[in-house]
Protein chains: 2
Amino acid sequence: MHNRPARQWNPTLDINVFYAILITMATIRELAQYVGVSIATVSKVLNNQNGVSKETEALVLQAAKKLNYRPNLNARHLKTGTSKTLGIIAEDLTVFNTPDIIDGIGVCCESRSFHYILGNLRFDKRFGHETGNAEQKNRLVLDMMDQMLSKQVDGIIYIGCHSHALAMLSRSEDTRFVCAYCYSEDPSIPAVIYDDRQAARRVTDLLLSKGHAKIGIVAGTKDSFHTNNRLLGIQESLYEHSVPYNPHFICHGDWTRDLGYRCAPVLLERGVTAIFAMNDLMAMGVLDYCNHNHIEVGRDLALIGFDNREISSVSRPALSTVALPLFEIGHTAASIMLDMIEKEGVAQPSRILLDCAIIERESTGFPSAN
Amino acid sequence: MHNRPARQWNPTLDINVFYAILITMATIRELAQYVGVSIATVSKVLNNQNGVSKETEALVLQAAKKLNYRPNLNARHLKTGTSKTLGIIAEDLTVFNTPDIIDGIGVCCESRSFHYILGNLRFDKRFGHETGNAEQKNRLVLDMMDQMLSKQVDGIIYIGCHSHALAMLSRSEDTRFVCAYCYSEDPSIPAVIYDDRQAARRVTDLLLSKGHAKIGIVAGTKDSFHTNNRLLGIQESLYEHSVPYNPHFICHGDWTRDLGYRCAPVLLERGVTAIFAMNDLMAMGVLDYCNHNHIEVGRDLALIGFDNREISSVSRPALSTVALPLFEIGHTAASIMLDMIEKEGVAQPSRILLDCAIIERESTGFPSAN
DNA sequence: TACTTTTAAGTAAACGTTTAACTTTTCTAT
DNA sequence: ATAGAAAAGTTAAACGTTTACTTAAAAGTA
């Protein structure tokens, strides 16, 4: 692995010593020399191509094991021009959703014998949660892409919330992209996201089915893609069930717990019997308010959050919520990418919506049985 | 990036067309040809070695930018025999501590212009939390190591809890290892872990300073390294403050919330006024018990956990706890590894203990001011 | 001016693979 | 036995770099 002088099997050298040296890292040449065959033959065995007899194959294979041979992937990739490697660019690895998405990508890669390399942009650490800094962010994305392309990745999966993905457009046609958990403005870049609308619809369905006609919404920020799609889903469900849509039951929040706390009395005042908070944090705020005011969530009020953060399962009462299909997002994103790579020219889907799972816990009157 | 035919700058070809082709990925040869200089010269510029005039340097540099040149790292690494890349093997990426450790490694790597590749073993997903399966786990570790060594990493950082790290020993002398968040039996492998003992000592100091002489302990499993070291720390603190150590104030748990719940009444019964739970989950269990029994944590009972999980900050009352230096563990592990690589032969520390931070919240009577 | 030193550049071999093209051996069918 | 085909094996050139060595020109020095 470190720089070493070229090694020749000098017959005067004790064979065991020779092994000992080789233990570090044998090359295909040494392997060939050892078996007494050309390197081309060894290469064929290693890539199980035909044109080599069973016996030689066995010989090579066992020699490979004995000499602890490991192919030098740099050399292989250099020669073949393909690395069978995906680049993953994550906006922030330490954000709750990222590891599961990467996990999904990893499983897909493994099943199709690909590798991946990870690039962590650290947006949250660098910029906090502030939006803006677009040009700096773009620079980071671009630099990371350069790095990955230098390593000859066959494609790049971008995991993020903001669509800095647009920076990708400035790259050559030759680079394959897929967005996971976000999407680019460019429809030619496939994106895998979860279905906000359908999730919200099903949440509303659930609450309605439990007899709640007055459903309060602690929504997210107004300009958010998520907020708007979920609102749409809610309206759809209400319409389907012929329940009037009442804008007064909507409170726009900023995704923080504190805001959940402050929205709760407003909605309660307006007579809602259920509250759908668009993330678990705000739901926790509502829960706090109820706990402080002797409103028993799960009995006096049905409450459901969104995201399935760790807190939702450990709060008391345990919070019903919507689980994001993080693993699946990663898995399908990778799957699409690998299809792009392997089936060149075949059209890929532009945007894939994955279903969320509703997790019922105590806060909506668990167990639900209807 | 894909296989392409060799490109020659044919002077009859319109130069702009030539650029357009090159945009995809120029080689050093094409760059040299474009500037009208040898590839050796270009290489020197790119690696800012001397022996090239300012003018040519500028020329090459601007051509590189114009042709969108990116060095092929596979070729470079092949030639140089070093990849300036660390391998990170993580037992499970989705476990709460892993991403921050990787973040730390990443920052260190970046500052010293190294790269890393990540290998996720998925132990938790594959095996659940059960111990055992040692031979399967070792196989996974070994396979991952093979993969990484194939990619010519300069060293491997292992992130895990169990010391499967011992499997590493079967590897050649030539591979550099560092353990993060765990340690190997082999003292020659540097390990970076947090200081359980000192953390527990400081927790005890804190509780004593707040006037609690009867401190209940919800300990972890008996065989655990963490449990025992923390117990030692507690005893040290008590000894220093001449407070008797009472074994009846210790309840051994299994790290689960439920067990915290069950230990609480036992300890309370014995008259403790403070409880130190050895993880946040068990502390939550204690908190549950208190909430159900109208014991006001933070006033009637001081409670502190360990790990600084997300739950601790969002529970009500917010839980005081011990924050693990995850980022620092990653950062120092990487730093040691890079020292090993760059300062060959210089002895590296065998085991580094990093301090935890105590986070005081409401459950110990926040704010503390003494 | 003629020598040496310094600077700037070029040449070519190597890194460890893969693979197209070729040669040799073995097998099959006559 | 022999031609032809199939199978097994070899040769050598590439992939895109780096780098030790060489050469040529420029700059110092006596």
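In this predicted model, 52% of the 370 residues of chain A count as buried, a class that requires under 20% relative accessible area. The accessible surface of chain A comes to about 16,300 Å², and carbon and sulfur atoms account for 53% of that area.

The secondary structure of chain A consists of 14 helices and twelve strands. Among contacts in chain A between residues at least 6 apart in sequence, 70% join residues at least 24 apart.

Rolling a probe the size of a water molecule over the atoms shows where empty space is left. The count comes to two cavities of 30 Å³ or more.

The largest cavity has a volume of about 220 Å³. Its lining comprises 14 residues, of which A:Asn74, A:Ile117, A:Lys151, B:Asn74 and B:Lys151 are the closest to its centre. Two elements each give two or more residues to this lining: α5 (73–80) of chain A and α5 (73–80) of chain B. By class, the lining of the largest cavity divides into four nonpolar, eight polar and two charged residues.

The second largest cavity holds about 90 Å³ of space. Residues of chain A line this cavity, including A:Thr204, A:Ala213, A:Ile234, A:Tyr245 and A:Phe249. Here the elements that give two or more residues are β6 (215–219) and α10 (225–240) of chain A. The lining of the second largest cavity has nine nonpolar and two polar residues, with no charged residues.

Note on methods: Residues numbered from 1 in each chain as written. Chains lettered and ligands numbered in written order. Predicted model: local features only at pLDDT ≥ 70, side-chain atom pairs only at ≥ 80, totals over all residues. Heavy atoms only, no water. Helix = DSSP H or I, 4+ residues; strand = E, 2+ residues; numbered from the N terminus. Buried < 20%, exposed > 50% of the residue type's maximum accessible area, 1.4 Å probe, protein only. Contact = heavy atoms within 4.5 Å. Areas by Shrake-Rupley, 256 points an atom, 1.4 Å probe, with all protein chains shown as cover. 1 Å grid on protein atoms, 1.4 Å probe; cavity = no way out; pocket = protein on both sides within 12 Å on 5 of 7 lines; lining within 4 Å. Points joined across faces, edges and corners; volume = space filled by probe spheres on them. Nonpolar A, V, L, I, M, F, W, Y, C, P; charged D, E, K, R; others polar.
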